[in-house]
Amino acid sequence: MTALARMRLVGFVRTARALPPLIAGLVALTVLYGGGAAQATEAYGVSAVVLFPVLAWQTKLLLDTEPDTQRRLAVVAAGRRAELAGGVIAAGLAGLALVPVALLLPWLVGGVTGPERPGDLPLALGLTVGLWAHLLVLPAAVALGALASRAATSSPLYGLAALVGGVVGVYVLGLKDSVLPWIAPPVLATARASTAGPDGWSVALLTGHALLWSAVALAGYAWLRRRRR
């Protein structure tokens, strides 16, 4: 499993497919933070929302890098579960590498400010909330990207439709007045909680929601993979 994950990461980087999502993420975050400085909790909460589709797209690119024949050989050599887990782990590690970039970039462009009013949260707490927000959206983004991968959809057109439709659905269903917010991962809810300053209950609730949604989505990915045997 570890060797498969490492092989996919190396292939992803050597083929330069890692560059488009990295550049897209940097551009999107620079534009976001270029609008002016904000408190760390607010800035990082919105940053996680902006980065979500980039992480999902990166996952799809990474999983699509491996040719179908090579993927089938990996299934025969290592087993279906190990091959599937290796891809998901590789995508998670690739997404995890973007988190420090997202946390550092606003300081370079003047997008984050420290506490200015008595009610503002301490900077250390703001950084902690920002890290939590990015780590919370990562599993959901990886799961969505996996569902949109060629191995799950069998068609580039279907994969693109799944990726775009999934991202739009997450944003629409995550609106504050949505009647079915539990169907989508709590990406927008995390941004709202980060801006307001989350308490222990909201952190636990949102984290559980995100992990449960990601687990269900990855189970769907595994099911789609089995159907394509």
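For helix axes I use lines fitted to C-alpha atoms over the stretch in contact, and angles run from 0 to 180 degrees between N-to-C directions. This is a predicted model, so everything I show is computed from predicted coordinates.

Helix H6, residues 123–147, packs with helix H9, residues 187–196, at an angle of about 175°. Their axes are 10 Å apart. Angles over 145 degrees count as roughly antiparallel, so H6 is roughly antiparallel to H9.

Which residues make the contact? From H6 they are Val 129, Trp 132, Ala 133, Leu 136 and Val 137. H9 brings Val 187, Thr 190 and Ser 194. By class, that contact has six nonpolar residues, two polar ones and no charged ones.

Next, empty space inside the model. Rolling a probe the size of a water molecule over the atoms shows where such space is left. The structure holds one cavity of 30 Å³ or more. About 40 Å³ of space lies in the largest cavity.

What lines the largest cavity? The lining consists of Leu 22, Gly 25, Leu 26, Leu 29, Leu 51, Leu 98, Val 101 and Ala 102. Two elements give two or more residues each to this lining: helix H2, spanning 19–33, and helix H5, spanning 80–108. H2 gives the most, with four residues.

As for the classes in the cavity lining, seven residues are nonpolar, one is polar and none is charged.

Notes. Residues are numbered from 1 along each chain as its sequence is written. This is a predicted model: local features need pLDDT of at least 70, side-chain atom pairs count only at pLDDT 80 or more; totals for chains, interfaces and linings use all residues. Side-chain values use heavy atoms; hydrogens and water are left out. Angles under 35 degrees count as roughly parallel, over 145 as roughly antiparallel, 65 to 115 as roughly perpendicular and the rest as oblique. Contact means heavy atoms within 4.5 Å. Ala, Val, Leu, Ile, Met, Phe, Trp, Tyr, Cys and Pro count as nonpolar, Asp, Glu, Lys and Arg as charged, and the others, Gly among them, as polar. On a 1 Å grid over the protein atoms alone, a cavity is a set of points where a 1.4 Å probe fits but cannot get out, and a pocket is an open set with protein on both sides within 12 Å along at least five of seven lines; lining residues have an atom within 4 Å of a point. Grid points are joined across faces, edges and corners, and a volume is the space filled by probe spheres set on the points.
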